[in-house]
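Colleague: I would like to learn how to read side-chain features in a model like the one below. Could we go through a few cases?

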Amino acid sequence: MGAKMYGAFWCPHCHAQKQLFGQEALKLITYIECDARGQNPQPHLCQSANIRAYPTWDIRGEFFQGVQSLEALAELSGYQGDRNF
């Protein structure tokens with residue numbers, strides 16, 4: 001998909017976004033933990049990308065804040081696979 005999701009382990013909106021994908025699909029997402037207390041944290045990447053809200057998606061260099069539907073993410077990313085979400 002070529003997208004990155006920035007979030008924080010304590011963020012309920014990030015949790016909701018992850019739930020939309022399910023366990024298997026979630027493994028394919030590039031997730032960047034912004035809180036230094038989280039698992040595999042990378043707060044420096046969040047700071048350099050100027051992330052101010054969670055979740056924030058970086059898709060082809062454009063940033064989209066908030067929970068996004070799977071359909072919206074497919075459109076934004078140019079996803080060509082099955083869209084029977």
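Modeller: Start with glutamine 17, found in helix α1 of this predicted model.

Colleague: Is glutamine 17 buried or exposed?

Modeller: Buried means under 20% relative accessible area. Glutamine 17 has 0% relative accessibility, so it counts as buried. Leaving aside neighbours within four places in sequence, its contacts include Met5, Pro55, Trp57 and Leu73.

Colleague: How is a pair of aromatic rings described?

Modeller: By the distance of the centres and the angle of the planes. Centres must lie within 6.5 Å, and planes over 60 degrees apart count as edge-to-face. The count here comes to two aromatic pairs. In one of them, tryptophan 10 and tyrosine 54 have ring centres 5.7 Å apart and planes at 80 degrees, so this pair is edge-to-face.

Colleague: Which parts does the pair of tryptophan 10 and tyrosine 54 tie together?

Modeller: Tryptophan 10 is in the loop between β1 (3-7) and α1 (12-26), and tyrosine 54 is in the loop between α2 (43-48) and β3 (56-59), so the pair ties together parts 44 residues apart in sequence. Tryptophan 10, at 47% relative accessibility, counts as partly exposed, and tyrosine 54, at 26%, also counts as partly exposed.

Colleague: What about phenylalanine 21 and tryptophan 57?

Modeller: They form a tilted aromatic pair, 6.0 Å centre to centre with 40 degrees between the planes. Phenylalanine 21 is in helix α1 and tryptophan 57 in strand β3, so the pair links distant parts of the chain, 36 residues apart. Both phenylalanine 21 and tryptophan 57 are buried.

Colleague: Where does the charged end of lysine 18 sit?

Modeller: Over the ring of tyrosine 31, 3.9 Å from the ring centre.

Definitions and conventions:
Residues numbered from 1 in each chain as written. Predicted model: local features only at pLDDT ≥ 70, side-chain atom pairs only at ≥ 80, totals over all residues. Heavy atoms only, no water. Phe/Tyr/Trp six-rings, centres within 6.5 Å; stacked < 30°, edge-to-face > 60°. Helix = DSSP H or I, 4+ residues; strand = E, 2+ residues; numbered from the N terminus. Buried < 20%, exposed > 50% of the residue type's maximum accessible area, 1.4 Å probe, protein only. Lys NZ or Arg CZ within 6 Å of the ring centre and 35° of its normal. Contact = heavy atoms within 4.5 Å.
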